[in-house]
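This report is for a reader new to the structure. Please have a look at the sequence and the model first.

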Amino acid sequence: METLLIPALLDRHWPLLRWAFETGKRHAVVLDEEGTAVEELGLRHMHNDLCYPFLLITGQVLAALRSGRYDPESTSVLISQAADGCRGSCLIRLLRPVLNREGFSQVKLLSLNAGGLESGCALGVTPALALRAVAAAFWGDALMLLENQTRPYEAHRGETDRLAAGWRILLSKDLQKYRHLSPWGMLRRCREMAADFRAVPREAREAQKTAVVGELYTKYCGLGNWNLQAYLEGQGCEVGVNGLTWYALYYMDTHLGESPLLVRWVGRALMSWALSFQKAFIKALRKGGFSTLPPYPELRALALPSGCALGCGWLLSAEAAAWVRAGYKKVLAAMPFGCLPGHIYARGIYARLQRELPEGVIVGVDYDASTREGTVKSRIRMLLDMEI
């Protein structure tokens, strides 16, 4: 049995998405090594001018392989590649020499991308993988949105987390056994989740509605953003983080034209279906008493005019505008320091974005090995303490 190691990236989604990569011959494991030891290990093997996610992924992979829990002869590592100007597209070529020097030359690096990169180590995408991945992505979004809008108001501490954990177990069994993976089955599960979270006893307490936008790693990964969501909730915030499926639609919308012909055909068909299903998905959650950002076409219309779709690209401005309009007046733009597309584009639009959204406040924060926690928290506190 081969073991597929998956570096941290999507904290709320990987517990479900990992099932997309499970087969009779492959067992998928999401890495959970964290802390300064991971960062320091990455720094010892990667140049510090590279972006922060590079360092953390390298540190996580090496820590896992050194732990002795996995047989190098039957272990591979999954690396997601944007296949655009993001330097993450070079990670396999930079990580391979590191593993070779450390005595793990037999460990395979598998590439997951839609741009035809690293064809010699591409992970094949099967219909079964795609079916599970789509269901896991939408269910992961549902759980994330429901949790975020329930936890700050729960009457009994920990009840939301227990409910979410139970649902992840149930949905994992669905994915493992290919149950409820039809569009109707997926929506039925979403309605059931919404009803369960709506039934959680609540207290009438105020919470600052604060949204997080930015690069994927620092938006969704606690390792990359130093457990930002837990910190914000500890400060009395209701945290808004948009769903992964919105990003997937953004990626397909802006990157398919550069993909191989077959990928373009399949991608366009999948995107057409996903746009239609997303409307039904949003309707189900809203009918259950929860809010979401608008469907992707409406979200795209809120973006500042730009042709930039590298990294989070114009999606950052679209999400920020949508969150402010949804009542989340304080927006934190979380970026990894050293993300070249992010700094060139995201930093360049903050001022204009603020002028376009005078009713809200946008503050940027960078995560990096050279930045300390106090610096980051002081900027976050500056945002939270602002009077609007």
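Helix 13 (residues 315-325) lies across strand 5 (208-214), strand 6 and strand 7. Helix 13 runs at about 170° to strand 5. Helix 15 also packs on the sheet, where helix 15 touches strand 5, strand 6, strand 7 and strand 8. The direction of helix 15 makes about 170° with that of strand 8. Contact means heavy atoms within 4.5 Å. Axes are lines fitted to C-alpha atoms, for helices over the stretch in contact, and angles run from 0 to 180 degrees between N-to-C directions. Helices (H or I, at least four residues) and strands (E, at least two) are DSSP runs, numbered from the N terminus.

This is a predicted model: local features need pLDDT of at least 70, side-chain atom pairs count only at pLDDT 80 or more, and totals for chains, interfaces and linings use all residues. Residues are numbered from 1 along each chain as its sequence is written, and side-chain values use heavy atoms, leaving out hydrogens and water.

## The sheet 6-5-7-8

Four strands make an open, parallel sheet in the order 6-5-7-8. Strand 6 (237-241) and strand 8 (361-367) stand at the edges with a single partner strand each, so one side of each has no neighbour in the sheet. The twist averages 30° from one strand to the next. Two strands pair if DSSP finds at least two bridges between them. Strand 7 (residues 330-336) and strand 8 are joined in parallel by seven bridges. Ala333 has Gly364 of strand 8 as its bridge partner.

## The sheet 2-1-3-4

Another open sheet has four strands in the order 2-1-3-4, with parallel pairing. Its edge strands are strand 2 (26-30) and strand 4 (108-112). Five bridges link strand 3 (residues 75-80) to strand 4. Leu78 is bridged to Leu110 in strand 4. Helix 4 (residues 91-101) packs on this sheet and touches strand 3 and strand 4.

## A cavity

The count is one cavity of 30 Å³ or more. The largest cavity has a volume of about 50 Å³. A cavity is a set of points on a 1 Å grid over the protein atoms alone where a 1.4 Å probe fits but cannot get out; lining residues have an atom within 4 Å of a point. Grid points are joined across faces, edges and corners, and a volume is the space filled by probe spheres set on the points.

Residues lining the largest cavity include Trp226, Tyr231, Tyr367 and Lys377. Helix 15 gives the most to this lining, with four residues.

Definitions and conventions:
On a 1 Å grid over the protein atoms alone, a cavity is a set of points where a 1.4 Å probe fits but cannot get out, and a pocket is an open set with protein on both sides within 12 Å along at least five of seven lines; lining residues have an atom within 4 Å of a point.
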